[in-house]
Every structure is written in structure tokens, then in C-alpha cells.
Amino acid sequence: MAIFVDKDTRVVVQGITGRDGGFHTSEMMAYGTKVVAGCTPGRGGQKFENKVPVFDTVREAVLNEGANTSVIFVPPAGAAGAIMEAADAGCKLVVCITEGVPTVDMVRVMPYLKERGVRLVGPNCPGLLAPGIAKLGILPASIVKEGPVGLVSRSGTLTYEVVFQLTAAGLGQTTCLGIGGDPIIGTNFLDAIEAFNADPATEAFVMIGEIGGDAEEKAAAYIKAHVKKPVVSFIAGQTAPPGKRMGHAGAIVSGGTGTAAEKKRALNDAGIPVAERPMDIVPALKSIWKR
Amino acid sequence: MNIHEYQAKEIFARHGLPVPPGEVATTVGEAVALAGKFGLPVMVKSQVLTGGRGKAGGVKFCKTIDDVKENASNILGMDIKGHIVRRVLVTPALDIASEFYIGMLIDRTSQRVLLMCSAEGGMEIEQVAKDKPEAILKLAIDPRYGLLDHEALELGLKMCPGEVKKARQMANAMQKLYTVFLAADASLAEINPFIFTPDGVGHAIDGKVSFDDNAMYRHADYEALRDLEAEDPAERQAREANLSFVKLEGNVGCLVNGAGLAMATMDLVKYYGGQPANFLDIGGSSNPEKVVNALRIILQDKAVKVILFNIFGGITRCDDVANGIIKATEMMTIDVPIVVRLTGTNEAEGRALLSKTKLHPAETMDEAVQKAIALAG
């Protein structure tokens, strides 16, 4: 079991003919993900790697190949449009890897998705990887392992670092989910935690936050009220100066809020251990998790 | 990206907001000439990209030409929170009967543009939010319909109870500010304060606009608005080289792939008693040119005593990254030690390549950070 994906996940890749889209589509297929179609306007009729049909529109991919999930690699200027196209065509899960999508575009996208009951992961995220089930996005398959731990993070490579340590310690994962570093994202910590809490295969989980916003604080309150599974957290950006964007558009301490210290306090108050260093995450999890 | 008050007001005026006339001066003589043009009394206002200008003495009321001379000469060259004043805005001084705050920003919770207004005009909204949160009225604007007439009027009437004429002017200003927000791809737009003169006419006498960096590609005209003198030179070079970089005060230069890992690396340097010199995300590329650019920018800072690479090879292969680093270090002379941590795909091959060089290899983040701090001395 995993969250958000299963064996029936049938993927259309938007931007399959681009350099990154093509490379990562091959990686997804190599992992066993059912990539049933690609979409690049103007490239309809071609075949990706001589087997995956490419269409001009997502609707054709849904109608002809039964795609129900989209993974998006299109450039920032077209990303919001691509998300809405996937939603309108009937995809129920859309994963947008693209970094640099203008924020007001995402403001327009969100109600469109809500009206159609579509889950978005991202943008500006590595996507998700459910070991043994499917890989949607760019998380490296080489570092994951099947097992009982859920992982949700706002980061990319920091996520890989933690997954790597979990795997090295023999702790496999149900799903590794990167929700993205932008201020407006489709799936937030709360959504992920609700899903992990409801997933019988997930016995414990790790939440990796960073400075900016108050998503970690909200997650802490939810966990305190509803979650009995062991949870460990880590917050990046304690040394970040205020008012400076630390790479991710959403990683900024503004008006004195969104600091790492505030987030740690909220998590600790909710009884969630916050690891001081990435390497402390696995020991912290083991110490509270009686298997 | 932040712009100056005078630039924000130009954008406001283009969208029909009631902005008083005004022009910038870079010398006392120009300021005096502008005061003559607009007529006394005038305000002389420092143009720096930081708040608290008034408190620092950077905004002055001038009744006479002598006042203009004195204040302009005091303000030009003034240091306000590390920002040197190079320009002043000269604008007619208006009689203020009442003042208000109108602002908009991206709200992560509602995932909409959030309109905020308050009768506590002229104060920093963060302060009002702390001291008197009930004084701020908020409305998350539905992007499907925009800011509707009745929504804006209701807020205007709450700001100016019983004064429909004033409420209408405020409502109008709110709707125009929303137009500005969308058209400019703003991340923040504020009128602070929006004032009424004794004759009941509203004016946007100060303003602030920040642009969404993600949307710069569709506003070619914004580059001309950038104040290059106000930007840290290293941060400017990084921006031009497409690197995500923030300058800090320490001596451990950090090059990391990925923003989250870069932040965690800085934190770890601090944890072990060191001080990071910068935040830098070199991205997923193993391109030697990118590494060279990054090294050049970091090494300009003479405080930097050691370079720390922290690379998690996921999709990027560690041997590719190692080759990139080796090539880059061969292309320039570097007289500080370099610690390289490579983990992930093909890490053994990557480390084998490094072992033939003078670079200091490390296996884990913790080992790398401790080595770097020791080498920094």
C-alpha cells in the first residue's frame, strides 16, 4: 500500500518530448511505472521509445489509453495551463515537477482543481515514489526500499538524504513524497499526514519542513489531535537570515514569522521530536517507535 | 524583487490610483528645483529598499526652500539600516485628515490574494498585526470573480462608517490595487497610507510593490527597475549566473545541490560551531562552468577560509559531479582547502576520482562539515 498511487495508476507525461521529460519518463518506466501516454502539442502520432504513444492533448491520452494521472515537465510559462488541461481531461492526480511557476498562476489553478476534485502534487517538487508500486517524478529509485515508513518533505535533495539514511538503516518506505517548495502547492503537509495516518501500511512517518509559512505548525496541531503513529520531524533553515528567499520561493522568513525556531517549538509542543541534524532522524524515529 | 516607492507609485498611477505628483532628485539642487516646480510645502523622502525610513529621519516635511536644502543634504548619503540613500522623492505635502492601510499579498492558507485594510494607516502592518490584530480587516479574493464591488464597498464602509463618498474612494482604490497586483505579478502591493485631505479627497501617498521572481520572464521591463546599487555585488553576480545565492557573514563557503539540503548544510556548520559564508544552490547540474561561476563568487569574499561541497547525487551521478568539480578547480587557482562530500548514485566512482586530487573527500554530511570547520581554523 501507498498513498495517492496504486497498481492502477496510469500515467500520461506532459512534456514527454523535452530533455528532462524524456529522461525521467525512461527512469519512471524502468522502475515499472505504467506510463501509458505522452503529451506534447504538435507531436501527436509520434511514439516515445518506440512504444508510448504521444498525443497533442491530454484528453486524447485519457480517451485512448485510459490515463488517470499526469506528470508534468513543461516549462514554467505553460505549467499552470498544463495542470488545468490534465484536470479538465479527467486525470485525478496531477504531479507538477516544474520549478518557477508564477504564483498568481497557481492562485487561478487552485479553485479549478477543487471544482473537479483533482489532487495536485507540487509544483516545484520531486514528485512521489511508492517503492514497488510506482514512481511519479524524479526521486531516484536507487535509494528507496519497500517498507513501513512514510516520508513527506518540502525539499528535493534533502529528502533524498533522509531516504538514503532510512534505507541504510533498514527502514523501507511506503511512499516518499516531495510536496514542493513554493508558497502555493496542491498537496500540503496536512493532506499528506491525513493520508499516511489512514494508510494501514504506513506504521510511522517523517516530516521534513523548512522556513516560511505555517504549514508545519498546522501539521503539528493535527498530529497532536489525530495521529497515534510515531512521527519525527526535521526543519531546515535555522541559520537563514530574515527577508531572504533561500532558493525555494516559499522558503523565506517574513515579518518575523515562518522561522525554524517557531516551527520547532510548535512541533515539540505537540510531542513530535525534532531532529537537530539530518543524521539524528533515524535514531529519533527508532527511539519512539516500538515495533 | 523589491522596487522603490517612486517606482511603485508610477505603476499605481498607470492603473488610475490617485497618486500625488512627485519626482526623484539625486542632488540638493535638483530637490530644490523640484520643490519650486511642485510648490511648497513638500515632503523629501529617502528612496531605499527598507522600511522604517521615517523613524530613521529619512522622511521630512519642508515648509521653506531652506528646509528642502537642509533636509535633502541630510538625507542624501544617509545610511538607513545599511542602505545608502542615493535618491530622494520630492512630492507636495498634503494635509492629512485621516489615514488608512490597504495591502495585498499572497496568502498561503487560503491560496488566494489576501486583501488587508486598517484604519491604523502609516504604521507597519506587521506591528499592527502584533499589537492590535483586530484592527486589520481581511478578505481572501476569489480569483474566479476578482474583488467584487460590494465586497470592496463593505470594507470601505467599515473603514469610514457613515461616509459613503469616502468609502467609495477606498473601495475603488482596493479594486485598482488588485488590478495592479495581477498585472504586475506582485507578491506584495501596499498603499500605506491611503489618506483623505480635509476636503474629503483620497490620495495614495506612499506605496510598496514587490514582484514575484518566478514571473520576471513575462515582464521584460522590470530589469530596468532593479536598483543595482542597492544589491549586494556577489548576489548580483549570482543572479546573473542563474545561481540561487545569499551572502552570510561566516568563513565556510558552501556549494550544495538543492535548496533544502543547502539550508540543512548551513545549519550543520553552525551546529558544529562554524559559520557559513553563504547559501548557494548549484542545482542538479555537473556543468563545470556553473561550478566555476559559483566558486568565483564565493572566493571574492576574503573571509572564506574553506570551500565545502555537499552533493547528494540522485539523478545526477556522483562521478559526473566529481569530474565537474575537478575540471572547475583546474580552471582557476584556489588557495583555500576544498572539502567534497559525495553520496548517492556512483559515489564510489566519484570518490575514486577525487582521491587522485588535492581535494579533501568526505563520506557523510557530518564528516564533511567537521572537516571544513577544522580546515577553516
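**View 1. Val71(A) and Val95(A) are bridge partners, the latter in strand 6 of chain A.** The model shown is predicted; local features need pLDDT of at least 70, side-chain atom pairs count only at pLDDT 80 or more, and totals for chains, interfaces and linings use all residues. Residues are numbered from 1 along each chain as its sequence is written, and chains are lettered from A and ligands numbered from 1 in the order in which they are written. Strand 5 (residues 69-72) and strand 6 of chain A pair in the parallel sense over four bridges; pairing requires at least two DSSP bridges between two strands. Strands (E, at least two residues) and helices (H or I, at least four) are DSSP runs, numbered from the N terminus.

**View 2. Strand 6 (residues 93-96) of chain A is covered on both faces.** Leu93(A) and Val95(A) are buried on one side, Val94(A) and Cys96(A) on the other. A buried residue has 20 or more other C-beta atoms within 10 Å of its own, with C-beta atoms placed from the backbone. Val94(A) stands opposite Leu120(A) in strand 7 of chain A.

**View 3. Leu280(B) lies in the largest nonpolar core, which has 198 residues.** Such a core joins buried Ala, Val, Leu, Ile, Met, Phe, Trp, Tyr and Cys residues through C-beta atoms within 7 Å. Helix 6 (residues 164-184) of chain B gives the most to this core, with ten residues. Not counting residues up to four places away in sequence, Leu280(B) touches several residues, among them Leu243(B), Phe245(B) and Ile298(B); contact means C-beta atoms, placed from the backbone, within 7 Å.

How values were computed
Buried ≥ 20, exposed ≤ 12 C-beta atoms within 10 Å, placed from the backbone. Contact = placed C-beta atoms within 7 Å.
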